[in-house]
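Q: Could you take a close look at one part of this model with me? I would like to see how its pieces pack against each other.

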Amino acid sequence: MLAVINARLETLTNGVIEEGTLLVKDGKIAEIGADVKVPEGAAVIDAKGRTVTPGIVEAHSHAGINEKGLGWEGRDGNEGTSPITPWCHAKDAINMLAADFDEFREAGITSTGVLPGSANLLGGTAVAVKTKKTAIVEEAIFAEIGMKSALGQNPKGKYGRANKAPSTRMGNAAMLRETLLKAQQYNRKKEAGEEPKFDKSMEALIPVIKGELPILIHCHRADDIVTSIRICNEFNLKYTLEHVTEGYLIVDHLLKNDSLCAVGPTMFYGSKVENKERDFRTPVALSKAGVRFCFTTDHAVVAGRHLRTTAGIAVSWGMDRDEALKAITLYSARHMGQDHRLGSLEVGKDADFVVWSGDPLCFLTHADVTVVDGNVEYEREVL
Amino acid sequence: MLLIKNAKIYPVVGDMIERGQILIDNGKIVAIGQTVDAPAEVEVLDLEGKIVTPGLIDIHTHVGIWGDGEGADSMDGNEKPDAINPKVNALDSTNPHQRSFEGAREGGITTMQIVPGSGNPIGGLGFACKSYGNIIDEMVIKNPTGLKGALGENPKNLHGNVLKHAPATRMGTAGLIREYFEEAKAYMAKKEAAEKEGKDFDINMKYEPGVMVLRKEIPFRIHAHRHDDIVTAVRLCQELDIDCSVEHCTDGHKIADFLAKNNVLACVGPGLSNSGKVETADFTDANPAILHKAGVKVCLMTDHPFLNTRHFMTYGAVSARYGISFEDVLKMMTINPAEALGLEDRVGSLEVGKDADFLIYDGHPFSYKTKLEATYIEGKQVWERPVY
């Protein structure tokens, strides 16, 4: 049993508890409040008035799958041998000992979605992992969060430039539709007991076709976002929109479709034509309109430790401070379909939280203690 | 004439002035202090206690030469295929209409050194300019400001790996640099002899920049991330007796005492890095603080687009997290680069006689709630914060 005492608890869902206590039992938050008794024998972290928030959640990263600082050797995010590789699974490429996870723990990130890259129309299954210190990926994975997909310039560039399909945006859309259509047919045959010939791509797409697993679609430009929504509506898929760089141009459309968006990375202009409009206009506009979104760094496109830096900058551009904090915790958890267990300090949720040296959005603040599933996974050395 | 009043002024050189005033005429600061003598008919800007700092100086950027979302058509930073390419000048690649110039103004950068990329062991000349204008030649304030060099993985990758010629290794890169300067020395001797004897001499564009470096008119600005590359940079410059600045200095935190002992100028960045390459694997946000505490002279750089110019001050704030004062970080973004570029008579602090390049903040520049409201260059407002 672990107790955090004398903490300023920013619960995110039930306000701030000054001089509060948080009790952890079996990796879950057992009690939280100002008048909670610390049981005898519990390990105690004295926050000494410091702020405690839920752990930061990075909904869209390539941690451990495109390892930082390793160059080509560390890049395992894109099975770039065919545009249709839904049969790939992120769990087979994540190195939990990668430096990315050290960075995440030091930055107060307690869980992250790890997605295949965006070279392929269908890139493989994405998972959510805890940033535990472990070499065994199974010990870190706690959910499959979706099937990675991509529209826009990456697939058409990767294959089109090699004179293969797809080579245009309409080619992207048509190949994606064709594959989804085949998966529908494959699934129908299976459900009818017809036993179609095993197809690894079709098998992987069955939960997508059934609406059980969302499709996570890379789309930067407004037209690519609109195409993503069009295709998902045609096939009645559960989906999330990833990047949404030009979202500010189509706020009403996103609202009308109640789309879930992961916005980012926002701190750089485009590295390429499709994301040249990267800016803080989109998060500010989406937040004001009430579109459901979270921030992402797309780590290591922007370093994941600067997810909270991104949220801080968004405040300077006019986003509400508490909403900005939710957009890197609770809303990121919602984006991954995990807000029932992550993203706020509530009894019954996972004991993922951070003791901060100050306001977590402040650029001068350190994560002092990072706790994942009730275990201290990082503690800052104070010299 | 413009009178700024009721400003909390951080002049960088000199103490902070609460509710101070600055008088500007013809783009220059003519008076600064608690109160200044101003003519009655002067235009007044009452800042109501807002914060004023000098415009920031970015010692190393690729603003205007690196595409910024325009794709391959606008990538003009690395001239190929020659590994030794001193004859090019970044000025001839720079597009002042690229969005990065506006980003620089948004980030509070009023002066910057624009340099060629790091694909070549010797990559060409850099220059310094203001961040506002229509015609790049009218924005230049010094040209050239240095000869760009590069060690580490970029040159050996571009040449050895992609173009299949030398250099293919770190020792190859250093060897080609040595060879170039030895040739430049021989060229310089011939040129000087010809000048002495009043004889005609055929100028060779390849060696003219080398001569400028050998005569210490400009420094050799060497891209070096990994600790051993930084040490090689110092070794080369000591052997050749030339002025050196270490660009990036990512592993500087591992060899801070060595850098202090050798009086090395460290231009550190891009900040907030994602460690995209092997040579940047050990990047830490604490690097500027560690170097500063060891006594190394530090300038911060964006290396735009690798850190977007618009987030330069955020880089400063994150660096301060590891134990540097606001005033010291501000020096790394103003007067230190001004001195490193030989522009300290003109920019880098708010002092009488200097250019009226300044920024107006509605709060402390390190706070995430603070807005940079306006950027001024030579007394003229060149950027105003849009409302989203």
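How much area is buried between domain 1 of chain A and domain 2 of chain A, and what percentage of it do carbon and sulfur atoms give?

A: Happy to walk through it. This is a predicted model, in which local features need pLDDT of at least 70, side-chain atom pairs count only at pLDDT 80 or more, and totals for chains, interfaces and linings use all residues. Residues are numbered from 1 along each chain as its sequence is written, chains are lettered from A and ligands numbered from 1 in the order in which they are written, and side-chain values use heavy atoms, leaving out hydrogens and water.

Now to your question: about 2,200 Å² is buried between domain 1 of chain A and domain 2 of chain A, with carbon and sulfur atoms giving 57% of it. Buried area here is the accessible area (1.4 Å probe) that two parts lose on being put together, summed over both. Leu12(A), Leu361(A) and Glu377(A) supply 28% of what domain 1 of chain A buries against domain 2 of chain A, more than any other three residues.

As for the bounds, domain 1 of chain A covers 1-55 + 344-383, and domain 2 covers 56-342; such bounds come from an automatic or database domain assignment. The C-alpha centres of these two domains of chain A lie 30 Å apart. Across the boundary, 27 residues of domain 1 of chain A are in contact with 29 residues of domain 2 of chain A, where contact means heavy atoms within 4.5 Å.

Staying in chain A, let us look at a helix pair. Helices (H or I, at least four residues) are DSSP runs, numbered from the N terminus. Helix H4 (residues 169-191) of chain A packs against helix H5 (residues 200-209) of chain A at an angle of about 90°, and their axes are 9 Å apart. The axes are lines fitted to C-alpha atoms over the stretch in contact, with angles running from 0 to 180 degrees between N-to-C directions. H4(A) is therefore roughly perpendicular to H5(A), a label for angles of 65 to 115 degrees.

On the H4(A) side, the residues that meet H5(A) include Leu180(A), Ala183(A), Tyr186(A) and Lys190(A). Among their partners in H5(A) are Met202(A), Leu205(A), Ile206(A) and Ile209(A). By class, the contact of H4(A) with H5(A) has seven nonpolar, three polar and three charged residues. In this scheme Ala, Val, Leu, Ile, Met, Phe, Trp, Tyr, Cys and Pro count as nonpolar, Asp, Glu, Lys and Arg as charged, and the others, Gly among them, as polar.

Technical notes
Helix = DSSP H or I, 4+ residues; strand = E, 2+ residues; numbered from the N terminus. Parallel < 35°, antiparallel > 145°, perpendicular 65-115°, else oblique.
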